[in-house]
Amino acid sequence: MSLFSIVALAPMDVPDPGGGSAPPGFQNFTTIMGWGKWIALGILVMALIFAGVKMAIGNRRGEGGEHAAGIGWVLGGVLVVSAAFAIVGFLAT
């Protein structure tokens with residue numbers, strides 16, 4: 001029996017959960033989620049400044065390129081935090 005025939009036998013009716021509504025007190029969750037986003041982004045801005053300072057100091061010693069990876073990781077963190085808030089905000093509305 002092939003994989004295609006197994007998939008063809010699977011039921012294809014997906015139940016519709018409906019629009020629904022947010023549970024009581026959900027506004028508090030979104031407020032806390034917003035605070036978390038701004039705190040995380042503030043920490044990441046400070047980390048970006050710190051990585052830039054380390055890169056500038058390391059440049060005098062000939063190791064400036066090694067700190068570029070740190071800036072890449074911080075920018076990756078900014079992307080993850082921003083994307084997470086956008087995805088959760090989209091799913092919650």
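**Figure 1. K37, a buried lysine in a predicted model.** K37 has a relative accessible area of 18%. That is under the 20% cut-off, so K37 counts as buried. The model shown is predicted. K37 is found in helix α2. Leaving out residues up to four places away in sequence, K37 touches V81 and F85.

**Figure 2. F85 and its contacts.** F85 belongs to helix α3, which covers residues 68–92. Its relative accessibility is 26%, so F85 counts as partly exposed. Neighbours within four places in sequence aside, F85 is in contact with M33, G34 and K37. F85 and K37 sit 48 residues apart along the chain. Their C-alpha atoms are separated by 7.0 Å.

**Figure 3. Helix α2 from end to end.** Helix α2 runs over residues 26–60 and holds 35 residues. At 1.5 Å a residue, the helix should span 51 Å. The C-alpha atoms at its ends are 52 Å apart, which agrees with that expectation. An α-helix has 3.6 residues a turn, so residues three or four places apart point the same way. G62 follows α2. The phi of G62 is positive, near 85 degrees.

**Figure 4. A nonpolar patch on the surface.** The patch is formed by V45, M46, I49, V53 and I57. Together these residues have about 460 Å² of accessible area. M46, one of the patch residues, lies in helix α2. Its relative accessible area is 54%, so M46 is exposed. K37, also in helix α2, is instead buried at 18%.

**Figure 5. G72 and L48.** G72 is located in helix α3. With a relative accessible area of 41%, G72 is partly exposed. G72 and L48 are 24 residues apart along the chain. A distance of 9.2 Å separates their C-alpha atoms.

**Figure 6. The protein as context for the close-ups.** The protein has three helices and zero strands. Along the sequence, the pattern reads α-α-α. Of the 93 residues, 11% are buried. The protein exposes about 7500 Å².

**Figure 7. Confidence along the model.** The mean pLDDT of the protein is 78. A value of 70 or more is reached by 75% of the residues. Among the elements, α2 has the highest mean pLDDT, at 85. Helix α1, residues 3–9, has the lowest, at 65. K37 and M46 both lie in α2, the element with the highest mean.

Conventions
Residues are numbered from 1 along each chain as its sequence is written. This is a predicted model: local features need pLDDT of at least 70, side-chain atom pairs count only at pLDDT 80 or more; totals for chains, interfaces and linings use all residues. Side-chain values use heavy atoms; hydrogens and water are left out. Helices (H or I, at least four residues) and strands (E, at least two) are DSSP runs, numbered from the N terminus. The expected span of a helix is 1.5 Å times one less than its number of residues. Buried means under 20% relative accessible area, exposed over 50%, partly exposed in between (1.4 Å probe, protein chains only). Contact means heavy atoms within 4.5 Å. pLDDT is the predictor's confidence in each residue, from 0 to 100. Patches are made of residues with over 30% relative accessible area and no salt bridge: like charges are joined within 9 Å, nonpolar side chains (Val, Leu, Ile, Met, Phe, Trp, Tyr) within 5 Å. Accessible areas come from the Shrake-Rupley method with a 1.4 Å probe; for residues, only the protein chains shown count as cover. A salt bridge is a side-chain nitrogen of Lys or Arg within 4 Å of a carboxyl oxygen of Asp or Glu.
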